[in-house]
Amino acid sequence: ETALWLESDRMGYLLQPPIGKTGKPVEFKDSLANQIEVVRNERRQRYDNEAYGKMRFALAAALYPERHPYRYLTIGKHEDLANASVADVQNFFKTWYVPANATLVVAGDLPPDVDALVDRYFGSFPASVRPPRRAPITVAPTTRREVITDPFATLVRIHRAWLGPHVNGEHEPELDVLTAAWGAIGTGGLWRTLVYEKQLSQRVSAWTINTRLGGEVHVAIDLRPGSDPAAVRAVLDEVCTQGIDQRSIDRMVTRREAG
């Protein structure tokens, strides 16, 4: 019941004046100013002042054009956060945090009166309209290379990214299996060549991201100190254009199914 009450309060009553420690209402603008600083500090901790954080912004900007929703990370830009008004936040909430745009899932060892509790906490909400959802934007692939100066990173990283399929799109499963096989510790083609045989890198990672509005394929290599980046790129060029053996494919499919 507590969880239902919390979610009901957040969806239905967030626009009421917040109550401060003294028990009296707090001005929206003061509450918003506090939360803006909370989010900006989170950005500093998790992105601005963290190793390879700057690279995440550069990757998004390189993959997606202006007006694509994935061009900017969800944490936001400092200037946009600082300039957010009470009206901005309230209008966003009124558009997106509505019952018509929500799905309530209750799972577990449920009490017999769970339906009555849901009705109690959500049944009185007024009718709402689900906001329109943006259709996927076609992105033309381009080639772009950037060098990021990162004072927090102790190892040189080479990170390659490609546009990939949407969620449930064509070749999504195959690319998932391929990237998992590339970076598998001990057996993956990239891992075995760069970490074990040539000893050029300390870590190899490869993965896909598949969402409703776009997809990505990533390979990230953390170099051993003193390794030649050109030699690592040559291995990447070779492995990424080769085929992959059936045994590796079967191994990754089995791991995915077991997971």
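Is W96 buried, exposed or partly exposed? Keep that in mind while loading the structure, which is a predicted model.

**Stop 1: W96**

Select helix α5, residues 86-96; W96 belongs to this helix. W96 is partly exposed, with a relative accessible area of 32%.

Next, show the contacts of W96. Leaving out residues up to four places away in sequence, W96 touches N101, P131 and P132. W96 and M11 lie 85 residues apart in sequence, yet their C-alpha atoms are 9.9 Å apart in space.

**Stop 2: helix α6**

Move to α6, residues 114-122. Colour V114, L117, Y121 and F122: these residues of α6 are buried. Look down the helix axis. The buried residues of α6 fall within an arc of 105°, so they line one face of the helix. What sits over the buried residues? Show α1, residues 2-13; it is among the elements that cover the buried residues of α6.

**Stop 3**

Go to R67. Its phi is positive, about 80°, although R67 is not a glycine. R67 sits in the loop between α3 (53-63) and α4 (78-83). With a relative accessibility of 71%, R67 counts as exposed.

Then pick Q199. Q199 is not a glycine either, and it has a positive phi of about 50°. Find it in the loop between α8 (189-197) and β2 (201-211). Q199 is partly exposed, at 48% relative accessible area.

**Stop 4: strand β3**

Select β3, residues 214-223. How many of its ten residues are buried? Ten of the ten are buried. Colour the strand by side. G214, E216, H218, A220 and D222 are buried on one side of β3.

**Stop 5: the partners of β3**

β1 and β3 run antiparallel and are joined by eight bridges. Zoom in on L163: its bridge partner in β3 is E216.

Now show β2. Ten bridges join β2 to β3, and these two strands also run antiparallel. Pick N210 to find its bridge partner in β3, G215. Finish at the turn: β2 and β3 form a hairpin, with two residues between them.

How values were computed. Residues numbered from 1 in each chain as written. Predicted model: local features only at pLDDT ≥ 70, side-chain atom pairs only at ≥ 80, totals over all residues. Heavy atoms only, no water. Buried < 20%, exposed > 50% of the residue type's maximum accessible area, 1.4 Å probe, protein only. Helix = DSSP H or I, 4+ residues; strand = E, 2+ residues; numbered from the N terminus. Arc of directions from axis to C-beta. Contact = heavy atoms within 4.5 Å. Pairing = 2+ DSSP bridges.
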